[in-house]
Amino acid sequence: MPHKYSKIGVPVIQDHDQYSTDLMKCVTAVEEKERRDGREYEIILLGGSGRLDQTIHLLSYLHKLRKKRNKVFAITDDNVGWVLDEGEHSIRIDHTSLGQTCGLLPVGVDETILSTSGLEWNLTDHPSSFDGLISTSNHLVPGQDVWIKTSRPIWWTAELKDLETLEKHAKLVTNNVT
């Protein structure tokens, strides 16, 4: 019986590797296509909600992918997120597409030191860890962009107002990261 995705033109590849998740297999297939095409594609993953173990795996895997890929983003029905490596980051905020709430999550590191501007509750050289402060439920300041300085990699998340048009949000994310 044909796979439901093959009916709409999506290639279906059987891979019986029991040491890789479907996500890992998919990224490997994209990397093989990139080698054949001689170019790099942006990876945008939809989902991330459902089983907690799979959500944690998604965060973990994208944290690892940052070392070999320029742009990898996770988009759920309500949020967009990506890993910011250590250093300074300027993020242009499209306030027509993003909601008010954002977060800075020290996932995959023991601790980071954060400084920010453009948030309602800015941080200045503030430690962030699972054993201490995690900046969740922070707010974007209307009309302002965001600046983040982190001593270790972190997850940046922002609330989406809606996800009617994936192309609009994909363009927003990939064009606004420096």
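User: Where is Ile-75 found?
Analyst: In strand β2. Keep in mind that this is a predicted model.

User: Buried or exposed? I still mean Ile-75.
Analyst: Buried. Its relative accessibility is 1%, and the cut-off for buried is under 20%.

User: What separates the C-alpha atoms of Ile-75 and Leu-45?
Analyst: A distance of 6.0 Å. The two residues are 30 apart along the chain.

User: Are Phe-73 and Trp-82 buried or exposed?
Analyst: Phe-73 is buried, and Trp-82 is buried as well.

User: Zoom out. How many helices and strands in the protein chain?
Analyst: The chain has 3 helices and 10 strands. From the N terminus, the order is α-β-α-β-β-β-β-β-β-β-β-β-α.

User: What share of the residues is buried?
Analyst: Buried residues make up 38% of the 178 in the chain.

User: And what share of contacts joins residues at least 24 apart?
Analyst: Taking contacts between residues at least 6 apart in sequence, 70% join residues at least 24 apart.

User: Now the helices. What is the reach of α2?
Analyst: Helix α2 covers residues 52-65, which is 14 residues. From first C-alpha to last, α2 reaches 20 Å, close to the 20 Å expected at 1.5 Å a residue.

User: Which residues of α2 are buried?
Analyst: Thr-55, Leu-58, Leu-59, Tyr-61, Leu-62, His-63 and Leu-65.

User: How far apart are the end C-alpha atoms of α1?
Analyst: They are 22 Å apart. That agrees with expectation, because 16 residues at 1.5 Å a residue should span 22 Å.

User: Which residues are buried in α1?
Analyst: Leu-23, Lys-25, Val-27, Glu-31 and Glu-34. The buried residues of α1 pack against β1 and α2.

User: What follows α1?
Analyst: Gly-38 does. Its phi is positive, near 70°.

User: Switching to salt bridges. How many does the structure hold?
Analyst: There are 6. One of them joins the side chains of Asp-37 and Lys-33, at 2.8 Å from N to O.

User: What separates Asp-37 and Lys-33 in the helix?
Analyst: About one helical turn, because they are 4 residues apart in α1. Asp-37 is partly exposed at 37% relative accessible area. Lys-33 is also partly exposed, at 38%.

User: Which residue does Asp-85 form a salt bridge with?
Analyst: Arg-66, with the closest N and O atoms 2.6 Å apart. Asp-85 sits in the loop between β3 and β4 (87-91), and Arg-66 in the loop between α2 and β2, so the pair ties together parts 19 residues apart in sequence.

User: Is Arg-66 buried or exposed?
Analyst: Arg-66 is buried, with a relative accessible area of 19%. Asp-85 is partly exposed at 27% relative accessibility.

User: And which residue does Arg-152 meet in a salt bridge?
Analyst: Asp-110, at 2.7 Å from N to O. Arg-152 lies in the loop between β9 (146-150) and β10, while Asp-110 lies in the loop between β5 (98-105) and β6 (112-117). The pair therefore ties together parts 42 residues apart in sequence. Arg-152 is partly exposed at 34% relative accessible area, whereas Asp-110 is exposed at 60%.

User: Last topic, the surface. Which residues form a nonpolar patch?
Analyst: Tyr-5, Ile-8, Val-10 and Val-12. Together they have about 360 Å² of accessible area.

User: Where does Ile-8 lie?
Analyst: In the segment before α1. Ile-8 counts as exposed because its relative accessibility is 63%.

Conventions. Residues numbered from 1 in each chain as written. Predicted model: local features only at pLDDT ≥ 70, side-chain atom pairs only at ≥ 80, totals over all residues. Heavy atoms only, no water. Helix = DSSP H or I, 4+ residues; strand = E, 2+ residues; numbered from the N terminus. Expected span 1.5 Å × (residues − 1). Buried < 20%, exposed > 50% of the residue type's maximum accessible area, 1.4 Å probe, protein only. Contact = heavy atoms within 4.5 Å. Patch = residues over 30% accessible without salt bridge, like charges linked within 9 Å, V, L, I, M, F, W, Y side chains within 5 Å. Areas by Shrake-Rupley, 256 points an atom, 1.4 Å probe, with all protein chains shown as cover. Salt bridge = Lys/Arg side-chain N within 4 Å of Asp/Glu carboxyl O.
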